[in-house]
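Please look over the sequence and the fold shown here before reading the explanation that follows.

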Amino acid sequence: MGARKSTTLKHSVTLKSEAIEALAGAEYVRDKLHTLFDVGPNPMSRLAYAVKIRVKSDERLIQKVIARRQVPGKEDYRPADATDIVGVRLIAIYSEDLLAICHRLFETIAFAQSSSMQLFTGDKLDDCVQEIIVYTSKNASYVYGLLHKEFLTLNLGERKNGQPKLSSVQSPDEKPYSSVHIVLDAVSYAAKSPKIIPIEIQVRTIFEDTWAEIDHPLQYKGSSFATKLGLRKKKNKPEYERLLPQAQKDVRLLKDKLDVISHEADNIRDRFLTIEELFGVEAGSARVKIPFSITYVRYEVANLHGENTPSEIREALHSLNELIRQHYARMFPGLRNHLNSYIGNLSDIINRVDDVIHKYSTKFPEEMRKDSRARYFLFMEKALALLWRFRIANHYRDAKAISFQFDVGEAIKIYCDLDNSGEYQDDPMIVFRLANAVMIKGGHIDYVITLLDTANQRLAASQQVRKGDAFRAWIPRQYAYALWRKKQYFDNEFARTHSVRLSLVYKAELLEKALASTQQAMEETEFFDESIRRLEVAKNWNNWISYMWELVDLVGPDVRNRYEKFAEMKSGIESVTKIYEDGDASINGLDTLAKAFSLCGAIDRTAAYVDRLRAALAVDSSLSPDDKISIRHTVDNASRIAELTNMGDQNVPT
């Protein structure tokens, strides 16, 4: 008896010693994290609703080790194996704020790796990030699916056990939980030699955090209902079996209520944002013209269903397809109609799609599960109609926009579900639509670029989108536009925190990628039908000229030595000029021509093109005074570039 007691005591002392050793240096990391999250003009401490950082106590660590050793396969678990020596919670009020918090978190981690802080191991994210788990539940916000797709762009490798560092876990219905858990390796310099300290960062809403505070002691730390109430004795077993199900039901009911509150909080925030946009603007009831955009053009699939689709459903699908054609024909190209008519047509599409989905899933659930073509057609059409309805109502700042504020979120969820299903991994249209939906929602431009790059890569190998299809030019053109948007971000944000020369390098790289992608669009245009080819050629040249103008203005006229396309510039200008001379003398058109003329002036080392533009501007009476000022500003820049060019290649503006 005494020997057993001595062994137990020795074991406890050893465990205590190992726990203290594992915790050594953790307070240093905690203090550095507090400092890190307060750095910058918009620090994490201001972005998140709350930031909580704690070091695990030795008692809690020992309790965790003992509990883990009860799990089969974890008998040798030690304090050094714990991944949450330092715990961080980044809490948001609204679910969509999780996106911004995660973006800032990884920017902050990268900063702490590259700066003199050296708080995290390695020099890239994959070196210090050991694991990311996205927990989601049945009633969770679409944001969690979007976060998982964004984390894929980090290109994380594998853990030591060979499993992927990134994973997504669907929590069971009886224990719903939504959160992001990120395990990192930090470095403590508290002692003479550096020491690795594992950190677990949990990112979630305040409502999920409230639930975790309640559920965690009950589920994960051994304080079960049975233990608390002393009902494990055999004589109390009947009472235990009677009380436990009701207690579990009460806890689950509480979680459902918190989910409802969380969704309603998101809804209220969105309503107020919509009201702010509409403030002081009358609802549009007059006839309006829908703003055309390539990102919303309908892509009509060749096959609406599979080979084994029931005849009743086939008829419903073909009838639905014809209805959608008729509705879009009334809306495009650019026909004027009452706003209510447009919204009514789109709502009818959405409702009819829902009817067919309900009919198919209830009458033939197994057939629908296997019918990937029908599901693709139905959900892609619904998502596109949702995007159009949101865009039209918000473009005209109509009061109905409040009713459709969730359309984009629903569309994003549809696209994420389709792409994550694994059935359409080579489909470029899903990620193309998703990229534009994220852009509408104000998502991070890096993620938009990654999605469009993925769409472009899939397009290259796609048998679905064939040569001559307009999307073969539109997808790379949109990718180029996103790269340009990123360049604008550097103009506004990047140069504030980096050297000017570094900013120039990054912006030049983005513009060169945009030019290459636009050139890809030009090559695809050659296969277009003559009815749309002329206009598409002009649009591609329009964009190419704008990007090249900015690149020349950025790095100097000698950029022409790197681009064979300069030889085609004059034919491109004539193509663009002809389009605008045929009836579109818009401010955008003349502005593009101004840039084009100045670029040709840089090639020919003459100001003749600039003089030609000035002459055209002098006789044009269709522009407002403000428009003429804008054009003259571009002309002045054109003159400056022409003068610099005539002075020689060595004069590069910096």
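By about how much of the helix are E107 and R104 of helix 5 separated? Being three residues apart in helix 5 (residues 97-114), E107 and R104 are separated by about one helical turn, and their side chains meet in a salt bridge of 3.4 Å, N to O; a salt bridge is a side-chain nitrogen of Lys or Arg within 4 Å of a carboxyl oxygen of Asp or Glu. The model is predicted, with local features needing pLDDT of at least 70 and side-chain atom pairs counting only at pLDDT 80 or more, whereas totals for chains, interfaces and linings use all residues. Residues are numbered from 1 along each chain as its sequence is written, and side-chain values use heavy atoms, leaving out hydrogens and water.

The structure holds 26 salt bridges. In one of them D58 pairs with K16, the closest N and O atoms being 2.6 Å apart, and this links helix 4 (residues 58-68) to helix 1 (residues 2-23) across 42 residues. D58 is buried at 18% relative accessible area (buried means under 20%, exposed over 50% and partly exposed in between, with a 1.4 Å probe and protein chains only), while K16 is partly exposed at 33%.

Helix 15 (residues 407-420) packs against helix 16 (residues 428-440) at an angle of about 150°, with the axes 9 Å apart. That makes helix 15 roughly antiparallel to helix 16, a term for angles over 145 degrees. The contact (heavy atoms within 4.5 Å) includes V408 and I412 of helix 15 and I430 and L434 of helix 16.

Methods:
Axes are lines fitted to C-alpha atoms, for helices over the stretch in contact, and angles run from 0 to 180 degrees between N-to-C directions. Helices (H or I, at least four residues) and strands (E, at least two) are DSSP runs, numbered from the N terminus. Angles under 35 degrees count as roughly parallel, over 145 as roughly antiparallel, 65 to 115 as roughly perpendicular and the rest as oblique.
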